[in-house]
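Please look over the sequence and the structure before reading the points below.

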Amino acid sequence: MNNNVLKFQHHQPSHLRISQTTLPRHPTSLLHLFPKLSFRPSSFSLSKTSRSFKFSSLSKVEQPVYFDDEEERGGPSNESVVEFEDLVQNGVVYRETLRLVECSMFAAVTGLVYFLSNSLAIENYFGCFFSLPIVISSMRWGVACGRKQLVATVLLLFVLSGPVKAINYLLTHGILGFVMGALWRSGADWTVTIPLCTLARAIGLVGYVLTTSFLIRENILALITINIHASLSYIFAAVGINLIPSMNFIYTLFGILVLLNSASFVFLLHLLYSLFLTRMGMKTSLRLPRWFKKAI
């Protein structure tokens, strides 16, 4: 049996013997053994890349509108950083927006309250508060802001109730609030603010009387002075003084009475507004008298 095995190995064809040492020396022998398989790595890779290029050309990816080049690289732009810095609490845009909103709200509330108080005939109960919003705006944001709020309130009343109510508010409350706010904003003392505000109030009252006289076609100022003259003549006759006052004396007395009325009203407004602004935390912006500081 061993002889047969040896004979079989001896007669084995040479082309079936594949030595392991010949494979690394002749790599092209595999191509002769498998002629039908064509292994072309370069052509395969090119076809793959060409297919990928064709596939990508079908869908065009567009950049979103709200992204810029710097945001795609991972960092915000300088303009966005500036906008976010302006929106902080101490930023310029934030303070301008806050001033605009606050003054608009004050003007709207003042105009609405004045309109309702005139419609319901309760103006005398709320008359001391109509000048307060202008004073607050002037103290917080400046004299220009108080002036703009005064103009906005007058225009709002002009639209809501007509020119008569708008002029009445301007003469009786608007001018007084603007003068008081401007003086307090500049740091003036009460010895300066009270006389100037009294003068503004008196001029407003006289203007209100003249405007009303023009509208009703009647001289109210003459009626007031005639009634004062008649009252004084009756008092002098009752006391036993044989004296008839002149009209110049009557006009002077009328002016003094208007100034006294205005001064008392302005002084009460100084007390009320100072207390209110102090409670709001604006005590450092006010120049209060010593007796009033001790009282509060």
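The lining of the largest pocket is made up of 5 nonpolar, 6 polar and 3 charged residues. The model is a predicted one.

**Largest pocket**

- The largest pocket holds about 310 Å³ of space.
- It is lined by 14 residues, and the closest to its centre are Glu123, Asn124, Thr172, His173 and Tyr208.
- Two or more lining residues come from each of helix H7 (92–119), helix H8 (123–126), helix H11 (163–185) and helix H12 (190–216).
- H11 contributes the most to this lining, with 4 residues.

**Helices H11 and H12**

- On the H11 side, the contact is made by Val164, Ile167, Asn168, Leu171, Thr172, His173, Ile175, Leu176, Val179, Met180, Leu183 and Trp184.
- On the H12 side, the residues in contact are Trp190, Thr193, Leu196, Cys197, Ala200, Arg201, Gly204, Leu205, Gly207, Tyr208, Thr211 and Leu215.
- Sorted by class, the contact of H11 with H12 contains 16 nonpolar, 7 polar and 1 charged residues.
- Thr172, His173 and Tyr208 belong to this contact and are also among the residues closest to the centre of the largest pocket.

**Helices H9 and H10**

- The axes of helix H9 (residues 132–141) and helix H10 (residues 143–161) come within 6 Å and cross at roughly 150 degrees.
- With that angle, H9 is roughly antiparallel to H10.
- The crossing of H9 past H10 is right-handed.
- H9 makes the contact through Pro133, Ile134, Ser137, Ser138 and Trp141, and H10 through Val143, Cys145, Gly146, Gln149 and Leu150.
- This contact of H9 with H10 has 6 nonpolar and 4 polar residues, and no charged residues.

**Helices H13 and H14**

- Helix H13 (residues 220–239) and helix H14 (residues 247–279) have axes that come within 10 Å and cross at roughly 110 degrees.
- An angle of 65 to 115 degrees counts as roughly perpendicular, and H13 and H14 are therefore roughly perpendicular to each other.
- Leu221, Ile224, Thr225, Ile228, His229 and Leu232 of H13 meet Met247, Phe249, Ile250, Tyr251, Leu253 and Phe254 of H14 in the contact.
- The contact of H13 with H14 comprises 10 nonpolar and 2 polar residues, with no charged ones.

Key: Residues numbered from 1 in each chain as written. Predicted model: local features only at pLDDT ≥ 70, side-chain atom pairs only at ≥ 80, totals over all residues. Heavy atoms only, no water. 1 Å grid on protein atoms, 1.4 Å probe; cavity = no way out; pocket = protein on both sides within 12 Å on 5 of 7 lines; lining within 4 Å. Points joined across faces, edges and corners; volume = space filled by probe spheres on them. Nonpolar A, V, L, I, M, F, W, Y, C, P; charged D, E, K, R; others polar. Axes fitted to C-alpha atoms, helices over the stretch in contact; angles between N-to-C directions. Parallel < 35°, antiparallel > 145°, perpendicular 65-115°, else oblique. Left-handed = near helix turned anticlockwise from the far one by under 90°. Contact = heavy atoms within 4.5 Å.
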